[in-house]
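The stops below go from the whole chain to single residues.

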Amino acid sequence: MDWDKGDGLLPAIVQDADSLRVLMLGYMDRNALRATLVNRLVTFYSRSRQRLWTKGETSGHVLELVDVSADCDSDTLLVLARPRGPTCHLQRQSCFENAPALAAPAADAMAAPDVGFLGELDALVATRARERPEGSYTTRLFEAGVRRIAQKVGEEGVETALAGVSQNDEHLLGESADLIYHLTVLLHSRGLSLADAVEVLEQRHKT
């Protein structure tokens, strides 16, 4: 990212992940971007207050992160999010009153699984890592330590590979889901996130 161009700040365009309506424009510094990726709630740097602020921290109308990417010059961010309430302080869905949006999807399309759930999973694992609720399997994994979590990822990887060559589609999908979950836990045990891995994939795609 070209942080120097804007004296440490980058404009961040927020877009509704479902309707693709442009919701607002804010600015992020390195810490705001990191907080957004870790907490899965869109966070900006307030130039007037000279501090980080999470959208909706007082109103409750947060923006739940789905994805974030950079433009071709690495000096602007595009943030895909799901708004929980109006984004604009005038109680509008968008700060741009006439911003267009996609038509509602057809019923059969709405029934399809939402890839954005990976963002929800990432956020849930991050919450488990912080709060460690009693009785949670994820909590038990974190308390067992990174070596045990890594071992589970290895086990699930082998089981996924075996399912790919010797079992039906249902088993392969089940093992794949287990692998993705345990990999997400492993990343958070190292202070990383699934979003960080996706960012690496995106950077590779651009080269």
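Buried means under 20% relative accessible area, exposed over 50%, and partly exposed in between, with a 1.4 Å probe and protein chains only. This is a predicted model, in which local features need pLDDT of at least 70 and side-chain atom pairs count only at pLDDT 80 or more, while totals for chains, interfaces and linings use all residues. Residues are numbered from 1 along each chain as its sequence is written, and side-chain values use heavy atoms, with hydrogens and water left out.

**Whole chain**

Select the protein chain and colour it by secondary structure. It has seven helices and six strands; helices (H or I, at least four residues) and strands (E, at least two) are DSSP runs, numbered from the N terminus. The order from the N terminus is β-β-α-β-β-β-β-α-α-α-α-α-α. Along the principal axes, the C-alpha atoms fill a box of roughly 55 × 40 × 40 Å. Of the 207 residues, 36% count as buried. The chain exposes about 12,400 Å², 55% of it supplied by carbon and sulfur atoms; accessible areas come from the Shrake-Rupley method with a 1.4 Å probe, and for residues only the protein chains shown count as cover.

**Helix 3**

Next, select residues 117-131. This is helix 3, with 15 residues and a reach of 21 Å from its first C-alpha to its last, close to the 21 Å expected at 1.5 Å a residue. The expected span is 1.5 Å times one less than the number of residues. Show the side chains of Gly119, Leu121, Asp122, Val125 and Ala126, which are buried. They sit on the same side of helix 3, because they cover an arc of only 160° around the axis; the arc is that of the directions from the helix axis to the C-beta atoms. Arginine 132 follows helix 3 and has a positive phi, near 45°.

**Salt bridges**

Which side chain does lysine 5 meet in a salt bridge? Select aspartate 75: the pair is 2.8 Å apart, N to O. Lysine 5 lies in the segment before strand 1 and aspartate 75 in the loop between strand 5 (63-70) and strand 6, so the bridge ties together parts 70 residues apart in sequence. Lysine 5 is exposed at 52% relative accessible area, whereas aspartate 75 is buried at 15%. A salt bridge is a side-chain nitrogen of Lys or Arg within 4 Å of a carboxyl oxygen of Asp or Glu; the whole structure holds ten.

Move to helix 5 (residues 146-166), where lysine 152 and glutamate 155 lie three residues apart, about one turn of the helix. Their side chains form a salt bridge (3.7 Å, N to O). Salt bridges that share partners join Arg148, Lys152, Glu155 and Glu156 into one network. Within it, glutamate 155 also pairs with arginine 148, the closest N and O atoms being 3.6 Å apart. Arginine 148 is partly exposed, at 32% relative accessible area, and lysine 152 is buried, at 14%.

**Surface patch**

Finally, select Ile13, Leu25, Leu78 and Phe96, a nonpolar surface patch with about 310 Å² of accessible area together. Patches are made of residues with over 30% relative accessible area and no salt bridge; like charges are joined within 9 Å, nonpolar side chains (Val, Leu, Ile, Met, Phe, Trp, Tyr) within 5 Å. Leucine 78 belongs to strand 6 (residues 77-83) and is partly exposed, at 32%.
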